[in-house]
Amino acid sequence: MVDAAALATPAAAAPAASSLSVSDLHAWYGESHVLHGMAFEVPKGQVVTLLGRNGAGKTTTLRSIMGVMNKRKGSIRFEGRETIKLPSRAIARAGIGYCPEERGIFASLSVEENLMLPPVVRPGGMSRDTIFELFPNLKERLSSGGTKMSGGEQQMLAIARILRSGASLLLLDEPTEGLAPVIVQQIGRTISRLKAEGYTIVLVEQNFRFAATLADRHYVVEGGRVVDTFLNADLQSNIDKLHAYLGV
Amino acid sequence: MHTFLGIPTQVLFGQLTLGLINGAFYALLSLGLAVIFGLLNIVNFSHGALYMMGAFAGYILLQVFGVNYWGALVLAPLIVGAFGIVIERTMMARLYRLDPIYGLLLTFGLALIIQGLFRNSYGVSGLPYAAPPIFRAPLQLGFMVLPAYRAWVIVASLVVCLATWFTIEKTSLGATLRAATENPVMVSAFGINVPRLVTLTYGFGVALAALAGVLAAPIYSVNPNMGADIIIVVFAVVVIGGMGSILGSVITGFALGLCEGLTKVVYPQASSTVIFVIMIAVLMVKPNGLFGRAA
Ligand SMILES: Nc1ncnc2c1ncn2[C@@H]1O[C@H](COP(=O)(O)OP(=O)(O)OP(=O)(O)O)[C@@H](O)[C@H]1O
Ligand SMILES: [Mg+2]
């Protein structure tokens, strides 16, 4: 006889090594059908990128994973558990942290209030001290208004505040967009540090040179689905193809 | 007799105190409206009816259950707040995705129904509610004599308004509330239960109205129309202060009460319209109100 309890455990429901597993994901903005069967895997502890041109559906994919798309279908399994039907707050509480493209810093909250806003959902989140060690600028600006800081500082705040919560999977949507090279480098160092600490990361990037310094695997998104994938180690041999995909 | 600009000081201070008392109620009620509007984006037209329910809850608690004023001050806001929560969960929650006009129609309709029900049961003549004995002796302030209960109302209202302001501006609960006002989707994506926050906020705003109702019971007689009478002025206060501004609604509430009191002294004929004149003047200069942010 099959043991029902064993079947219900996450380990039985998905390969243990997978943090996130997306398959046949469809999503709509109103009537407009934007994702057409997105599918990709994110192994635990790895950094995976979604590369693709403007409008390919990268942001929409992250929004679907986070549960903030009103209309979505298909399957999104996080640590073996199906989340496609869960409300956004339950997905966050399962342990996914989201840093949106527009950063989502609250203007009516101070830097400190922004930082402390996300509740701790699981043990093992970063301490304030570690966060200030990673982002020394924030410590100096705790009482300023959230949106009174520079774009780079706001980006750091947007990343910093999801580290306290104990989330194990981070969704980072174009964290380097529009930032100066030194800031991009600092964010790059932060992401590799997070990876070293065991975080699993889905990174949306237009700048694949930046992505190549961090990622284990790349997925190329086009027209709302994944059209190609390769390991970071194979990036050089795929560089021409990638140029064609991204139109650079 | 002392005079100030030709006005007997007794008269002047008397009217200013009356103005402050009215202002205390304007502040409490417009504060609740501002809190609700901030998060729910709904103009709560049933606010006056809920204020009236608070006064009646106090009256019924005393007459039927023998609960005194102090008990009513705690219980009436809880009871009416719970009623508000039921309304929010069963009716208003269905309207958030629709045009705000639906929320306005619902709360307006509810106000008419609640008032009608109370008018049916209690008629329109006022019911007396005695101030607690501790407030019998008036305060001798030297320059004037102040009925102790009125002093209590001003102090209690100030304390509640300031505590509310403090909670919203200075605590982590308040930060969550402000964040949810600004971007509820993002707040949900952090794992916070925004619908529950909305429900509790509405319940709190309603409880503030009920508290004002109990405070008002010994001053104005308890009657089904008391909410409809005051709420028109309160809406003008909210428009002048700026929709959704917490501190703005409190300051404007007290200031306009004082303006009314002053007008009673210098030009009594205008005392019931002065707030609306100010409203028009403010709207011409600052369409978002004195403390309002641009929409
Ligand atoms: N709020 C919206 N309403 C309707 N359509 C939208 C909305 N947001 C995005 N879209 C459309 O959905 C498609 C995918 O957009 P998405 O933002 O996911 O792309 P992206 O890959 O993140 O692009 P970018 O690199 O510019 O950020 C695009 O065609 C876009 O026009
Ligand atoms: Mg995008």
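In this predicted model, the side chains of R178(B) and E113(A) meet in a salt bridge, with 2.8 Å between N and O. This pair reaches from one chain to the other, and one salt bridge is what the rule finds across the interface of chain A and chain B.

The rest of that interface gives the pair its setting. Chain A brings 22 residues to the contact, and chain B brings 19 residues. Together the two chains bury about 1,600 Å² between them, and carbon and sulfur atoms give 63% of this area. On the side of chain A, three residues stand out: R89(A), F106(A) and L117(A) supply 35% of the area that chain A buries against chain B, more than any other three residues.

Over all chains, the structure holds ten salt bridges. One of them lies within chain A, where R122(A) pairs with E79(A) and the closest N and O atoms are 3.0 Å apart. Here the partners come from distant parts of the chain, 43 residues apart. R122(A) sits in the loop between α5 (111-116) and α6 (128-134) of chain A, while E79(A) belongs to the loop between β4 (71-78) and β5 (81-82) of chain A.

We can now turn to how helices pack. Two packed helices are described by the angle between their axes and by the distance between those axes. In chain A, helix α8 (residues 151-160) and helix α9 (residues 181-196) have axes that come within 10 Å and cross at roughly 10°. Angles under 35 degrees count as roughly parallel, so α8(A) is roughly parallel to α9(A). From α8(A), the contact is made by G152(A), Q155(A), M156(A) and I159(A); from α9(A), it is made by I183(A), Q186(A), I187(A) and L194(A). By class, these residues divide into five nonpolar, three polar and no charged.

The axes of helix α2 (residues 47-65) and helix α3 (residues 69-90) of chain B come within 9 Å and cross at roughly 130°. That angle makes α2(B) oblique to α3(B), and the crossing is right-handed. On α2(B), the residues in contact are L50(B), M53(B), G54(B), A57(B), G58(B) and L61(B), and they meet A72(B), L75(B), A76(B), I79(B), V80(B) and F83(B) on α3(B).

Notes:
Residues numbered from 1 in each chain as written. Chains lettered and ligands numbered in written order. Predicted model: local features only at pLDDT ≥ 70, side-chain atom pairs only at ≥ 80, totals over all residues. Heavy atoms only, no water. Axes fitted to C-alpha atoms, helices over the stretch in contact; angles between N-to-C directions. Helix = DSSP H or I, 4+ residues; strand = E, 2+ residues; numbered from the N terminus. Parallel < 35°, antiparallel > 145°, perpendicular 65-115°, else oblique. Left-handed = near helix turned anticlockwise from the far one by under 90°. Contact = heavy atoms within 4.5 Å. Buried area = accessible area lost by both parts, 1.4 Å probe. Salt bridge = Lys/Arg side-chain N within 4 Å of Asp/Glu carboxyl O. Nonpolar A, V, L, I, M, F, W, Y, C, P; charged D, E, K, R; others polar.
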